[in-house]
Amino acid sequence: MIKVAIWGYGTVGSGVFEVLRKNSAVIENKLGDTIEVKYVLDLRDFEDDPVKEVLVHDVEEILSDPEVAVICETMGGENPAYTFTKRALESGKSVCTSNKELVEKHGPELLQIAKAHNCSYLFEASVGGGIPIIRPLRTSLAQEEIQSITGILNGTTNYILTKMETEGLAFESVLKRAQEKGYAEKNPDADILGFDACRKIAILTSLAYGKNVNYTDILTEGITAITNKDFAYARKLGATIKLFAKSVKKGEKYYALVAPFLVKPENPLYAVNGVYNAILVNGNMGGETMYYGKGAGKLATASAVVSDVLDCARHFGKHLNVKWDEEKLEISPIDGAVRKFFVRASTTDMAQVEAVFGEVELITGVADNECGFVTAEMTEAEYREKAAKMGNIIGMIRVD
Ligand code: HSE
């Protein structure tokens, strides 16, 4: 029997408790062993909940118990999760977490500590909720040189964009609905400004190349400037708008960004709607593989945490290696990235547009007193220079 503790009885922690209880027979069948929750740590009391039998308020009780082999860290936030995690790993207890903030900030250091103490630090639930993506990158795709990762990595923004498109609703009203449904972070700015997706692509890119990507090096644009008019233009092109988190390897250079993209139906990510997430990975040998599922929510995220617990149990007494060094992965300035741009400008003077941008694909019949067009391929730096020359740009969305 493997004894575990859960730190934090919030949405994900209570989900982990539920998955381990409800699926105990399934788990025993697959693992050939049982998993028992010996403790749940939370400052609060839960009178009418079966958790009260194992609830403790003091982390020392868990850290000092040699029977506890695995911790599920579902507290979230940097502190005290960081200190607690370090101490658990130093005492040889493996930690499985959903805490993307901690993973993004301290992943390499915590992995080193786990290695030094012959235990594991696993974080399948930190990116893409219930979607298996960390394990595929670490194992199934370890032989591939990853050429690109493109993800819809934030359920809240994908839900908002989907509702704006399908129901013609305004941004603010859909955001309110997303919050009511519990998809959004406590501070929804992290979702709508793109920072949540940015942390997630930083983690995936670090794992793809084994070096550390600092999320502050990633150009990040959210969805707050997207309007229903943008969707009207997109529809004319047979496209939709998605918030992509992307990293690309071009020769020896690495580019990364989070931004809304105009996406055509040929792209498999076009059909990923609502709170669902998906990640498209392009390897240099096997080509494209895609991972799809619920990117947020109690049981989906909890299921991913439990998948890590099972991995620890299967490799009991061993360190599971995750290659992610402290050494920095240099992200090149986005200026050199080449693509097409969808542009809206407050002019109907196409001669001016073509004088600056050259030949463009014009989109007509959406609005008076403005024009919409798609440029030829150019670098981000060239686009910026031309946009400044025009001086009357209403908005720009990159074209995938
Ligand atoms: N707020 C996040 C999302 C939750 O909407 O995807 C999962 O990280």
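The entries below record what I looked up in this predicted model.

**Entry 1: helix pair**

I began with the general point that two packed helices are described by the angle between their axes and the distance between the axes. I then looked up α5, residues 100–116, and α10, residues 195–209. Their axes come within 10 Å and cross at roughly 45°. Angles from 65 to 115 degrees would count as roughly perpendicular and those under 35 as roughly parallel, so I logged α5 and α10 as oblique to each other. The crossing of α5 past α10 is left-handed.

Next I listed who makes the contact. From α5 I noted K100, E101, V103 and E104; from α10 I noted D196, R199, K200, A202 and I203. Sorted by class, this contact of α5 with α10 holds six charged residues, three nonpolar ones and no polar ones.

**Entry 2: nonpolar cores**

As background, I wrote down that nonpolar side chains tend to be buried together in soluble globular proteins. Here the largest nonpolar core has 113 residues. Which residues have the most contacts inside this core? I found Y121 and F123. The largest share of this core comes from α10, with nine residues.

**Entry 3: backbone**

I kept in mind that most peptide bonds are trans and that most residues other than glycine have a negative phi.

I looked up the peptide bond from N79 to P80 and found it cis, with omega near 10°. P80 sits in the loop between β4 (68–73) and α4 (81–90).

I then looked up two asparagines with positive phi. N118 has a phi of about 55°, and its place is in the loop between α5 and β6 (121–122). N369 has a phi of about 60° and lies in the loop between β14 (361–363) and β15 (371–374).

Is N118 buried, partly exposed or exposed? Its relative accessibility is 43%, so I logged N118 as partly exposed. For N369 the relative accessible area is 66%; the cut-off for exposed is over 50%, and therefore N369 went down as exposed.

Key: Residues are numbered from 1 along each chain as its sequence is written. This is a predicted model: local features need pLDDT of at least 70, side-chain atom pairs count only at pLDDT 80 or more; totals for chains, interfaces and linings use all residues. Side-chain values use heavy atoms; hydrogens and water are left out. Axes are lines fitted to C-alpha atoms, for helices over the stretch in contact, and angles run from 0 to 180 degrees between N-to-C directions. Helices (H or I, at least four residues) and strands (E, at least two) are DSSP runs, numbered from the N terminus. Angles under 35 degrees count as roughly parallel, over 145 as roughly antiparallel, 65 to 115 as roughly perpendicular and the rest as oblique. A crossing is left-handed if the near helix is turned anticlockwise from the far one by less than a right angle, and right-handed if clockwise. Contact means heavy atoms within 4.5 Å. Ala, Val, Leu, Ile, Met, Phe, Trp, Tyr, Cys and Pro count as nonpolar, Asp, Glu, Lys and Arg as charged, and the others, Gly among them, as polar. A nonpolar core is a set of buried Ala, Val, Leu, Ile, Met, Phe, Trp, Tyr and Cys residues joined through side-chain atoms within 4.5 Å. Buried means under 20% relative accessible area, exposed over 50%, partly exposed in between (1.4 Å probe, protein chains only).
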